[in-house]
Amino acid sequence: SDHMENICGYLMKYTNLVTGWQYRYFVLNNDAGLLEYFVNEQSRHLKPRGTLQLAGAVISPSDEDSHTFTVNAASGEQYKLRATDAKERQHWVSRLQICTQHHTEAIGKNNPPLKSRSFSLASQGSANSPGVQRRPSQNAVSFFNVGHHRLPTGKRVPIMQPDHLVDVREMMSQAEGQQRDLIRSIECLPASGHLTSLDQDLLMLKATSMATMNCLNDCFHILQLQHASQQKGSLPAGTTISWLEPKISLANHFKNGAAQNFPAEINKPASVREEQSIAEPCQLTREPEEINPDEELEDICDDKEDDLGAVEEQRSVILHLLSQLKLGMDLTRVVLPTFILEKRSLLEMYADFMSHPDLFVAITNGSGPEERMIRFVEYYLTSFHEGRKGAIAKKPYNPIIGETFHCSWRLPKSSVATDAGTSSSAHSPSEQVTLPKDAEGQAEPDCYTVKFVAEQVSHHPPVSGFYAECVERNMCVNAHVWTKSKFLGMSIGVTMVGEGVLHLLEHGEEYTFSLPCAYARSILTVPWVELGGKVNINCAKTGYSASINFHTKPFYGGKLHRVTGEVKQNMTNTVVCRVQGEWNSVLEFTYSNGETKYVDLTKLSVTRKRVRPLEKQGPFESRRLWQHVTESLRDGDIDKATEHKRALEERQRNEERLRAETETPWCTKYFLKDGDGWVYHKPLWKTVSAAQTQQTDSN
């Protein structure tokens, strides 16, 4: 205990391959058994950037030099640190080892022994087990729960003997040898070629295997300490031992609520009780609602997403989440921590892909099929920058089934590009008569109006439908998207399964298109987003098609967010346009006549969408539905945001369970099932066709 002193000072900490080593101010808190670090000494009074619990940790001087050492926590988290010289390293290592041993032994002393561990079936039935008395422990996590109950007579209980620990030790020694062979095999791979020692999957395998062995060694050490400290004691016959959740509050340990204990119903805010008590959506009106664009106001909401550079503050939450995931695991049903959420629903994100409506409307003004295809490709590639709102890896809210989002855009006709010989406002009389009468007078005379509606039509699988139209230009787009998320080790991949169709009714053309995959990279450091995969755009009538490749960044070298593509006439196999650049920066279009056009996405004007005020929105419209979560995120109150989010998700689960019990099918509001896809209930192509039929009959 004479050496149990609190020490502090600067050490270098290894962050990642990009950032490398950085100086950080470390504090060893012996009383709490914690190693904390701060950006610098001046910020010591603030919340630490990172904290490791030393109970069960392993402190290892490195073989690579005389300055480096590692701290491997029982949770699997690791700090790789470097002192200024060998003497300072030894000082830190010895103090950390003493503190670690003290708090690890405390676990053995404060927890029941293993001498009479029972493996009876009776211990597996929680419903038959009596209440458990837990002893508080301030310095360590409590691992076991001891309960006493009488076993059925005549049944023998196998007792774990001390020599069982010897068998476990031998098995672990074999596993450690295999793990060392694995690491050696990976490190012997060449530094370049098809499979290298720096392959992301192999690096992930090294890290997880090492963390697994560290945790197993720590657990075995704890078992030995418990057995040694209590070897004179014994437990009554029939005692059972079952695993417990940690006694340390997970809400505090994992900071922003990986698993939180929420207050009782009576203590919940009124807004949460309101979220839980909203009637079953099918009991509300499911009739389509005609949104009056005159009720919509220009959106003044400008939620800039906070930088995730300080992700180390949430590292324990992320590590806790990653510990439960497997490579390739479907994340559809995984509840992600609230701090990574954007302040908008996925349905609104789809609307933000339409933030350049002038380019959208200009498609139909192309002088010929070739130019119209090229214009559509230009619009398509410019939509992702604003739709993603930059490269920050945050996730929009998962829409609740039945959730909808409405908005519109108004843009001056003079802002829409036309072909060389046509005015943007010049339409033939035949075009005018095809317009539905109920659309007249809704827009300002010198403006086009683009209306948008989206609906979450399915929960499992999560499918969204969205539709946009410009009545004045006889064009609309209908799409359905199924988002499939997978855990890929150091990143998360989202596949956008589905199809969209752009209808240019003036020309009788339909353009089918798909969407690229999205990836959240470097989820343990500073997460960022990139797009990847090949998408195709086709127009069967004209024979023009486009092939676009979103390139993911290679492990070494290469550019971020690179995209290439080409437009060609299928019948002649002639390439009429090539495109290259970055989807969030500058795009270069090279045409068959040798001309080149550059589009700087960062300088493109963004047309603000128009949205109804909250008080005029229905209870299942996105902004009203998620308003309390959004407000809490704006205020930086992650716990409160998590509580509101959890209330919405719980209500959705209860409604789904009720529908299953009553065998009540879900009824959508705006979209109808059409084969494998979903189609808007009142698309413009049906409205225009009906208007033309009515005019023909009247003539």
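The legends below describe close-up views of a predicted model.

Residues are numbered from 1 along each chain as its sequence is written, and side-chain values use heavy atoms, with hydrogens and water left out. Because the model is predicted, local features need pLDDT of at least 70 and side-chain atom pairs count only at pLDDT 80 or more, while totals for chains, interfaces and linings use all residues.

**View 1. Overall make-up of the protein.** The secondary structure comes to 14 helices and 28 strands; both are DSSP runs numbered from the N terminus, helices being H or I of at least four residues and strands E of at least two. Of the 699 residues, 49% count as buried, where buried means under 20% relative accessible area, exposed over 50% and partly exposed in between, with a 1.4 Å probe and protein chains only. Among contacts with a separation of 6 or more, 64% come from residues 24 or more positions apart; a contact means heavy atoms within 4.5 Å.

View 2. Two strands count as paired if DSSP finds at least two bridges between them. Strand 5 is joined by four bridges to strand 6 (residues 68–72), and the two run antiparallel. Pro61 has Phe69 of strand 6 as its bridge partner.

View 3. Strand 20 (residues 528–539) and strand 21 run antiparallel and are joined by seven bridges. In this pairing, Val535 is bridged to Ile548 of strand 21. The two strands form a hairpin with four residues between them, and Gly543 in the turn has a positive phi of about 80°. Strand 21 is also joined to strand 22 (residues 562–569), by eight bridges and again antiparallel. Here Asn549 has Thr564 in strand 22 as its bridge partner.

**View 4. Two edge-to-face aromatic pairs.** The whole structure holds 21 aromatic pairs. Rings of Phe, Tyr and Trp (its six-membered ring) pair if their centres lie within 6.5 Å; planes under 30 degrees apart are called stacked, over 60 edge-to-face, and the rest tilted. Phe384 and Phe550 form an edge-to-face pair, 5.5 Å centre to centre with 80° between the planes. Phe384 belongs to helix 9 (residues 369–388) and Phe550 to strand 21 (residues 544–551), so the pair ties together parts that are 166 residues apart in sequence. Phe384 is buried at 5% relative accessibility, and Phe550 is buried at 3%. Trp409 and Phe452 form an edge-to-face pair with centres 6.3 Å apart and 80° between the planes. Since Trp409 lies in strand 13 (residues 404–412) and Phe452 in strand 14 (residues 447–458), this pair ties together parts that are 43 residues apart in sequence. Trp409 counts as buried at 0% relative accessibility, as does Phe452 at 3%.

**View 5. Charged ends over aromatic rings.** Lys80 lies over the face of Tyr14, at 5.6 Å from the ring centre. The charged end of Arg82 sits over the ring of Trp21, 4.0 Å from its centre. A charge sits over a ring if NZ of Lys or CZ of Arg is within 6 Å of the ring centre and within 35 degrees of the ring normal.

**View 6. Asn365 in a loop.** Asn365 lies in the loop between helix 8 (357–362) and helix 9. Its relative accessible area is 7%, so Asn365 is buried. The C-alpha atoms of Asn365 and Ala417 are separated by 7.4 Å, although the two residues are 52 apart along the chain.

**View 7. Helix 12 and the residue after it.** Helix 12 (residues 627–634) is mostly covered, with six of its eight residues buried. The buried residues are Gln627, His628, Val629, Thr630, Ser632 and Leu633. Gly636, which follows helix 12, has a positive phi near 75°.

View 8. The structure holds zero disulfides, a disulfide being a pair of cysteine sulfur atoms within 2.5 Å. Cys188 is exposed at 62% relative accessibility, whereas Cys517 is buried, with a relative accessible area of 19%.
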